[in-house]
Amino acid sequence: MLMEVTCRCGWVIRGSRSEVIRGVQAHARSAHGLELTPGEVRAVWKVAAEAPAAGRRNGGGE
Ligand SMILES: [Zn+2]
């Protein structure tokens, strides 16, 4: 399962749980001067849609 976090600055990361936690921590530190705990990352992430290649759907406007 992929997780996704969108920062308030518009930066987006998507990946496994550990990748997202590390990536958000690194981004917060370098871009915003913030030190986030893994718990803070978990509080804001959401489940990302599976990769489009995993299946096809007919129709759909997105
Ligand atoms: Zn940011």
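This passage describes the fold of a single chain, taken from a predicted model.

The chain holds two helices and three strands, arranged along the sequence as β-β-α-α-β. Of its 62 residues, 11% are buried. Looking at contacts between residues at least 6 apart in sequence, 30% of them link residues at least 24 apart.

The three strands come together as an open, antiparallel sheet with the order 2-1-3. Strand 2 (12-15) and strand 3 (46-47) are the edge strands, and each has a single partner, so one side of each is left without a neighbour in the sheet.

Strand 1, covering residues 3-6, is joined to strand 2 by four bridges in the antiparallel sense. These two strands make a hairpin with five residues between them, and Gly10 in the turn adopts a positive phi of about 105 degrees. Within this pairing, Val5 has Ile13 as its bridge partner, while Met3 sits opposite Gly15. On the strand 3 side, strand 1 is held by two bridges, again with the strands running antiparallel; here the bridge partner of Met3 is Val47.

As for the helices, helix 1 (residues 17-32) lies across strand 1 and strand 2, and its direction makes an angle of about 155 degrees with strand 2.

Technical notes:
Residues are numbered from 1 along each chain as its sequence is written. This is a predicted model: local features need pLDDT of at least 70, side-chain atom pairs count only at pLDDT 80 or more; totals for chains, interfaces and linings use all residues. A residue is buried if 20 or more other C-beta atoms lie within 10 Å of its own, exposed if 12 or fewer, and partly exposed in between; C-beta atoms are placed from the backbone. Two residues are in contact if their C-beta atoms, placed from the backbone, lie within 7 Å. Two strands pair if DSSP finds at least two bridges between them. Axes are lines fitted to C-alpha atoms, for helices over the stretch in contact, and angles run from 0 to 180 degrees between N-to-C directions.
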